[in-house]
Amino acid sequence: MALSTAADLVKAPLLYKGKVRELYDLGEHFLIVVTDRISAFDYVLDPAVPEKGNVLNQLSSFWFELTGSMMENHVVHTDVNQLGDLVTEPELLKNRIMVTRKAERIDIECVVRGYITGGGWRQYETTGEVNGIKLPEGLRKNAKLEVPIFTPAAKNDVGHDEDIPMERMKELVGDALAIELQEKSLRLYEFARDYCNQRGIILADCKFEFGIVDGKVILIDEIFTPDASRFWAKENYALDIEIDSMDKEPVRTYLAGTDWDKNSKPAPLPQEVVEATTARYVDIYKRLTK
């Protein structure tokens, strides 16, 4: 059964409802519940996708633990039983909750690109640059970059995040913090890239969020999930094409093949598209954690 919201299952104030995550106030800590909602082209779609939230939460938990010795993060625990009577249906929430420290979010999305694709490719085609970084001429779509690049975005709670050059990031958060976030992001990417490579997966790009607790920068939100990273199966890699990514690609492909105008919420997804999307999320989880 898919979970669209936990609002009726959690006896704590709901502070924020994102496209997928819900944030509840536990007093000293936050409670994050990862639902099965799915979005595309800025619309939350119907129906929710079974197992999606479980995969996202468990994968983030896996990566936070794996990287914990190299970088501090916000996780307190992921044990629903420790919540006691704060939740009414613990069995429904057992794989999709994360209790975290309360961090002051840094309003920068920290993006690292190891391959030139997606929005980075579109910038490069037009300007030969990505976020103000000049790249070699003659690169082909999906080409591996000689050195991964850090391409931040200023977070907007309304509308799209705004790609910015490093100089603008320094203006927003200060030189020292900008450089620290850049270094942490590149280090994390390189660690996960090598880990994925051993499992037949290419980590093309990814994004991180950081926060501050007691004056120290820590990792928050989610890391190296299909919603925060672009994973390619090695066997699908090729230049100059749209590579089928290991995420909600069945949803995007389906919508692109309809006459939906993208100006209103689309009709509910067909069951076969929902099932194919569930299979994608479960597959990437198994491949990364086996």
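Student: Into which domains is the chain divided?
Tutor: This is a predicted model. Its chain is split into domain 1, residues 1–102, and domain 2, residues 104–236. Their centres, taken over C-alpha atoms, are separated by 24 Å.

Student: How many residues does the contact take from domain 1 and from domain 2?
Tutor: Domain 1 gives 19 residues to the contact, and domain 2 gives 22 residues.

Student: How do I read the area buried between domain 1 and domain 2?
Tutor: The general idea comes first. Interface size is often given as the accessible area lost when the parts come together. Now this case. About 2,000 Å² is buried between domain 1 and domain 2. Carbon and sulfur atoms give 68% of that area.

Student: Which three residues supply 34% of the area that domain 1 buries against domain 2?
Tutor: Look at Trp63, Met70 and Met71. No other three residues of domain 1 supply more.

Student: What is the count of salt bridges between domain 1 and domain 2?
Tutor: The count is 3 salt bridges.

Student: Which side chain meets lysine 52 in a salt bridge?
Tutor: That of aspartate 227, at 3.0 Å from N to O.

Student: Which element gives the most to the side of domain 1 that touches domain 2?
Tutor: Helix 1, residues 52–67, gives the most, with 9 residues.

Student: How do the residues on that side of domain 1 divide?
Tutor: The side touching domain 2 has 9 nonpolar, 4 polar and 6 charged residues.

Technical notes: Residues numbered from 1 in each chain as written. Predicted model: local features only at pLDDT ≥ 70, side-chain atom pairs only at ≥ 80, totals over all residues. Heavy atoms only, no water. Domains from an automatic or database assignment. Contact = heavy atoms within 4.5 Å. Buried area = accessible area lost by both parts, 1.4 Å probe. Salt bridge = Lys/Arg side-chain N within 4 Å of Asp/Glu carboxyl O. Helix = DSSP H or I, 4+ residues; strand = E, 2+ residues; numbered from the N terminus. Nonpolar A, V, L, I, M, F, W, Y, C, P; charged D, E, K, R; others polar.
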